[in-house]
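Here are my notes for a colleague opening this entry for the first time. Please read them with the model on screen.

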Amino acid sequence: METIAKLSILADAAKYDASCASSGVKGRNSLGGKGMGSSEGMGICHSYAPDGRCISLLKILLTNFCIYDCRYCINRKSSNVQRARFTAAEVVALTLDFYRRNCIEGLFLSSGIIQSSDYTMEQLVEVARSLREDHDFRGYIHLKTIPDAAPELLALAGRYADRLSINIELPTPEGLQQLAPEKNAKQIQSAMGDVARHIQLAKQEGRSQAASSIISLPGSQRVRRARPPRYAPGGQSTQMIVGADDASDAAILLTSSGLYGGHGLRRVYYSAFSPIPDASADLPLQAPPLLREHRLYQADWLMRFYGFAHQEIVLPGSGGMLDLELDPKLAWALAHRQHFPMNLNRAPKEWLLRVPGLGVRSVQRLLMARRGRSLRLADLQQLRIATAKVLAFVELADYHPRRADLESPLLRQQLLQRMSHGVVQQKHSGMRLPDMGLSAKTSQLSLFD
Ligand code: SF4
């Protein structure tokens, strides 16, 4: 099979993996060989670095053959799809070719499992090794790792890759048992733990070496030492499929919270299940609403940046599900009106972060501004805070909302009406969110945050 045909199959097969933060770019592609500059169709995805720089990645599978039969996966053993396989050398050559032509700045490589987990992992590691050692490749490498591969291979993978990810696949061990019985939840967690330990160790080595190389005596020279070996400096991430089993949003957030806390994950990606051809009867016939995935991302941000605990976000009486009509921060505020209006001149940072309409940056600006003066209504505009979004929940030196308005059962309806009149809902929460094709502006997930 020609390389271009393989590329077409293996790039398409990789698109189901959300864990490299592919972009929400839409509308342009060169499928069918027409046009140029496409960001789709041949496995180029985009992500954002912490400095806001857009990074293009070649996103492909080594192969879409697989000896496993995970029910939700298009590449499962029993799936009737066209198969293809690259050699490690072919992936290296392709990456270098795209890189030299300035099409990409890195590689996201995953694979179905061929022969055995160790064999597959060896192939993935060989691609990264060859790029780094044979070709001095300095671009970004994200390797998907196989949880039951030998620990030595995981250790090696992190030496070459910037980021590693191990898919948790489903929110609960029961879901995994039902839909991917060849996988083992404990083994996945254990592999994540191993990666986390390697990352931690590499950081500690780096810190202690930096400390020991500083000599402050007059006339002394800074001692130069070899750099400690690096290990996945971009951390590890994972992906969870949403809506393939009956796990509630509460169960999903509980798992995510455990992953962030237990293994120090940089990101958990949520991927709404998409129905696949010849699907097992265990799977739902319909995809969950995309909005559910979006709400989970919003809830995830509340946990990571806004100080919310996972159990606070899904409200009592909701059947364990997030409100699809309202973003979770606004839904929380409406369910906890006793905490509002929040006094913007006195409330501590952790409470300001709970005000719908205030994001992390606007809270920082507010805290700075109120050091020098008592904030008034007019200051909000100066601080670039959209007043229409926050006024229901705050008070200022010259602004005191009526208690009756805040307590009104009509408030939710009023906010919904305002949103349906073109106010982008995510702005109500003040959260900077990944664009899932729902907001007016395009924003991106970051590889690193
Ligand atoms: S192991 Fe991975 S590629 Fe293979 S069937 Fe399961 S999810 Fe798909």
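1. In this predicted model, N102 adopts a positive phi of about 65°, and this residue comes just after helix α2.

2. Helix α2 itself covers residues 88-100, and its 13 residues reach 18 Å from the first C-alpha to the last, which is close to the 18 Å expected at 1.5 Å a residue. Several positions along α2 are buried, namely A88, V91, V92, L94, T95, L96 and F98.

3. Strand β2, made up of residues 54-61, has 7 of its 8 residues buried, and it is therefore largely enclosed by the rest of the structure. From β2 the chain passes through α2 to reach strand β3, and this β-α-β crossover is right-handed.

4. In which sense do β2 and β3 pair, parallel or antiparallel? The two strands pair in the parallel sense over 5 bridges, with β3 spanning residues 106-110. Within this pairing, K59 is found opposite F108 of β3.

5. Around the ligand, the surrounding residues are C66, Y68, C70, C73, R76, G112, I113 and K183.

6. For the protein chain as a whole, the model contains 17 helices and 9 strands, and buried residues account for 53% of its 449 residues. Among contacts in the chain with a separation of 6 or more, 68% are between residues 24 or more positions apart.

Terms used:
Residues are numbered from 1 along each chain as its sequence is written. This is a predicted model: local features need pLDDT of at least 70, side-chain atom pairs count only at pLDDT 80 or more; totals for chains, interfaces and linings use all residues. Side-chain values use heavy atoms; hydrogens and water are left out. Buried means under 20% relative accessible area, exposed over 50%, partly exposed in between (1.4 Å probe, protein chains only). Helices (H or I, at least four residues) and strands (E, at least two) are DSSP runs, numbered from the N terminus. Two strands pair if DSSP finds at least two bridges between them. A crossover is right-handed if, with the strands pointing away from the viewer, the path from the first strand over the helix to the second runs clockwise. The expected span of a helix is 1.5 Å times one less than its number of residues. A residue is near a molecule or strand if one of its heavy atoms lies within 4 Å of it. Contact means heavy atoms within 4.5 Å.
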